[in-house]
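Biologist: I have this one open in the viewer and want to go through it step by step. Can you start with the charged pairs?

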Amino acid sequence: MPPQQEMEGQDDSEGRERSLSEWRTKLQTSLPKRPDWPGAPRDLPHVSPGQPYTSHDAYQPPRTLRHGDYTKQSAPLIDQVSNRWRGTEKASTVYVSEPEDHELRFCDLEDEGSCPNTIRDLVRSRRLRRMLAVFLVAAVMLYYGWKWYLQPRLQEEWSFKQGFLPARSNGTYGIARAGDFEGTAIQWLDSSLIPGGEADREGKRRLVFVGDIHGCKKELLHLLEKVGFDVKTDHLIATGDTVSKGPDNVGVLDELIRLKADSVRGNHEDRLLEAAKTILGTNLSPQSVAATSQGYAKDATLLKQLKPKHVRYLRDMPLMLRIPALPHASTARHQHKDRVAEDVIVVHAGVVPHVPLEKQDPYFVMNMRSIDDRTHLPSALRETKRGKSRPWMEIWNWYNDRLFRGRSLKGFHLYTTAEYEDEQASESQGWLGSLWDGLFGKGKAKMTPQIVVYGHDSKAGLQMHRWSKGLDSGCVAGGKLTALVLDASGKTEVVQVGCKNYKA
Amino acid sequence: MKIALGVLICFPVLVRCIIGLPKVPDIPKLPKRDAPFQDVRTRLHRTHQDADEDSPEKYFHESTFHQHYDGRFADKKLNYDDRRKHLTALIQTYLSSMNDIGAETWIMHGSLLGWWWNRKILPWDSDLDVMVSEKSIHHLAQYYNMTVHHYQLPGLDEGRDYMLEVNPHYTNDSVESANKIDARWIDTDTGLFIDITTLRRNKTAQAQGIEGAMMVKDKHHYLYDDIFPLRETKFEGFPVKVPFAYSELLVEEYGERALTQMFFENHRFDPEKQEWVPLRYAADQHRLLPNGPLSHGTSYWGRRLPSDPG
């Protein structure tokens, strides 16, 4: 190419000097045509001489000069140098203020765009005020809603739940062997006595549950009369403590035997039966009160009055009596809380929820009033030494409510190998498998809620809840004697009579 | 003549005896302590009791190496398996003897806790606790003190002798720190023993109006109606009696966790086998730490837990 040669020729040994302007004209006239290799820029960057290259201009990546490439910029750079830069305004002058105003950069009150002025304008504007008001009201409502409603409920829910979770304790009630029970621990009600059962197609039968009688025979008869008790169609079930403390213990037992009534064993019957082993069948004179205690002395005198049939009746009392769900009772979800449509368990004092019935300690079943929060260990006291206990029926109702609503018991304690294997199987399935199972599977037997009918707690009196019915209304101390009448359709009725005070 | 001389010589002495207090220097009263080693020793050649450490009124003296061994019969602590075996034999022979004698006795404290869990002695226990009634201790003291009972139990090599020793301080009703134990049933071969305490009427509390208050010399207090009437049940395969309100007494003494916690003293309770399984290996024992793998999910029936390391 001629220019190259020309440039090369500049260094030839001839050393012919040309003037600068001669070179300039020569170069300018012999500009190459636009390079035709692909990707060549259409336009060579236009840099006219005399114009400064400011930072505002679009950024041009530096073009590397290829061998033989020739651009306008090959012209001597000195030609492009000018002094126009002195006149132009630099971009940064917009932001760089005078030294005196440096502190008031954003807070310059005279400036329309500064912060205080902007804020003032905003605050004055109606739209923003409305928005702020709404936001404040919403925030306050949220805060108090959380504090007064949500948080206590969540906390209470958690306090109920924690006793059931293995993570909260290193073991639970129901694992140890616990005590023995002499006699039948769990007994099912005779099927011919169930209202609406096979023997009662018309649904005429009734079940009458009675609280702690404690030897008040007159009041018992009065109550049966008030209920309209008919031996042919009605069946009496007592919740234990039928004797002791009252005026006519033997009479009550005679009446119960005559009516072929059922009863569960209460703590006083338990005491009598244990004492009977050493007192009955001996001719020894009973030990004095000084050698024993008043309660023991009273039991001893009572035992001497009992006949073998009475003792046999006491011994036949089971620890728990179970009644299957009534066939004619509807299990609609919206039903009234006075309806009894599920399985019924009759005990004297209480049961611990979620623990299998076989694993419940007999002493506690006959004596409990509260349950420890964490370990679910029952106690005969209303409040334990540790102080973290709750009335057992509260936890029972919470648990059965949960079962009724169908909420899962995942993560709760397990007591049998079958449950454990079930849980392992469902865990290994994953969500897809369980979905499939739910839609097409045969559906494994779910736990159903149960209703507990009990006595023992005369201080609490009548306690009617959805899942627990406490019937001890303190008859022997001058309160009332309560009966709960259950008919074939599941309807319940509470009937009470007043009692004389025999404790004084 | 000789007779007369004899009478003359004896007369003053006789007169003295008849009249009254002889002028014999007072013999200092020796404090009562358990039967001397030479009188009761079996296989040991020297006693391992350290009487000097104990207070002078104390009757029973434990061994120098462990407080649950009688130093007259034991020279070393037994290992885990031997101790379990011999303690079982101890309680079985005791119950059998008391039943034969007709003394009213029942298990308490640690033994009752073992009964609650699985009708056996807790494996880490090194002693047993029983109680007797006041009538029983009087009967034992009068007729069975220092008696030795020979038993040949299956599983043990040769017959063993068990000694019943009653503390004469049992007549003292007040709380005494040195003589809390009223009697001991001692295995004369290994030195293991059962502490027998008496349930007495708390006369001061009863005078104050607390009806049925009972007490024991080791400062425990009970109510009559919590203990009596006793329940008949089984313990280590032998018939035994337990207090009436057994679970309440246990909760009061040991707390709720003792009746529900499955991990204790390097042992794990296996609910299926209903046994306390020892965690012998260090790898297992670290699981007992608060943040270890066994601090969660413990009721899952041993499947997630180490199986019996045997």
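Modeller: A salt bridge here is a side-chain nitrogen of Lys or Arg within 4 Å of a carboxyl oxygen of Asp or Glu. Keep in mind that this is a predicted model.

Biologist: How many salt bridges over all chains, then?

Modeller: The search of the whole structure gives 35. One of them pairs Arg206(A) with Asp234(A), where the closest N and O atoms are 2.8 Å apart.

Biologist: Which parts does the pair of Arg206(A) and Asp234(A) tie together?

Modeller: Arg206(A) sits in strand β2 (residues 206-210) of chain A and Asp234(A) in strand β3 (residues 234-238) of chain A, so the pair links parts that are 28 residues apart in sequence.

Biologist: And how many salt bridges are across the interface of chain A and chain B?

Modeller: The rule finds 4 there. Among them is the one between Asp225(B) and Arg271(A), at 3.8 Å from N to O. Side chains of opposite charge can pair when their charged atoms come close.

Biologist: Which elements of chain A give two or more residues to the side that touches chain B?

Modeller: They are α7 (267-279), α8 (294-305), α10 (362-367) and α12 (417-440) of chain A. By class, that side of chain A has 20 nonpolar, 17 polar and 14 charged residues.

Biologist: What area is buried between chain A and chain B?

Modeller: About 4000 Å², and carbon and sulfur atoms give 51% of that. The contact takes 51 residues from chain A and 42 residues from chain B. Between the two chains, 18 residue pairs are in polar contact, both residues being at pLDDT 80 or more.

Biologist: Switching topic: what does UniProt say about residues 128-146 of chain A?

Modeller: The unreviewed entry annotates them as "transmembrane region". In the model, that span is 100% helix and 0% strand, and its end C-alpha atoms lie 27 Å apart.

Biologist: At what angle do helix α5 and helix α6 of chain A pack?

Modeller: Helix α5 (residues 217-227) and helix α6 (residues 249-258) of chain A pack at about 35°, with their axes 9 Å apart. Lys217(A), Leu220(A) and Leu221(A) of α5(A) make the contact with Gly251(A), Val252(A) and Glu255(A) of α6(A). Those residues divide into 3 nonpolar, 1 polar and 2 charged.

Biologist: Last topic, the backbone. Which residues does a cis peptide bond join?

Modeller: Phe228(B) and Pro229(B), with omega at about -5°. Pro229(B) is in the loop between α7 (224-227) and β9 (231-235) of chain B. Most peptide bonds are trans, and most residues other than glycine have a negative phi.

Biologist: Where is His456(A) found?

Modeller: In the loop between β10 (450-454) and β11 (463-464) of chain A. His456(A) has a positive phi of about 75°, although it is not a glycine.

Terms used:
Residues are numbered from 1 along each chain as its sequence is written. Chains are lettered from A and ligands numbered from 1 in the order in which they are written. This is a predicted model: local features need pLDDT of at least 70, side-chain atom pairs count only at pLDDT 80 or more; totals for chains, interfaces and linings use all residues. Side-chain values use heavy atoms; hydrogens and water are left out. UniProt positions are given in the numbering used here, feature names are shortened, and annotations may be inferred rather than shown by experiment. Helices (H or I, at least four residues) and strands (E, at least two) are DSSP runs, numbered from the N terminus. Contact means heavy atoms within 4.5 Å. Buried area is the accessible area (1.4 Å probe) that two parts lose on being put together, summed over both. A polar contact is a pair of N or O atoms within 3.5 Å; within protein, one must be able to donate a hydrogen and the other to accept it, and residues adjacent in sequence count only if both atoms are side-chain atoms. Ala, Val, Leu, Ile, Met, Phe, Trp, Tyr, Cys and Pro count as nonpolar, Asp, Glu, Lys and Arg as charged, and the others, Gly among them, as polar. Axes are lines fitted to C-alpha atoms, for helices over the stretch in contact, and angles run from 0 to 180 degrees between N-to-C directions.
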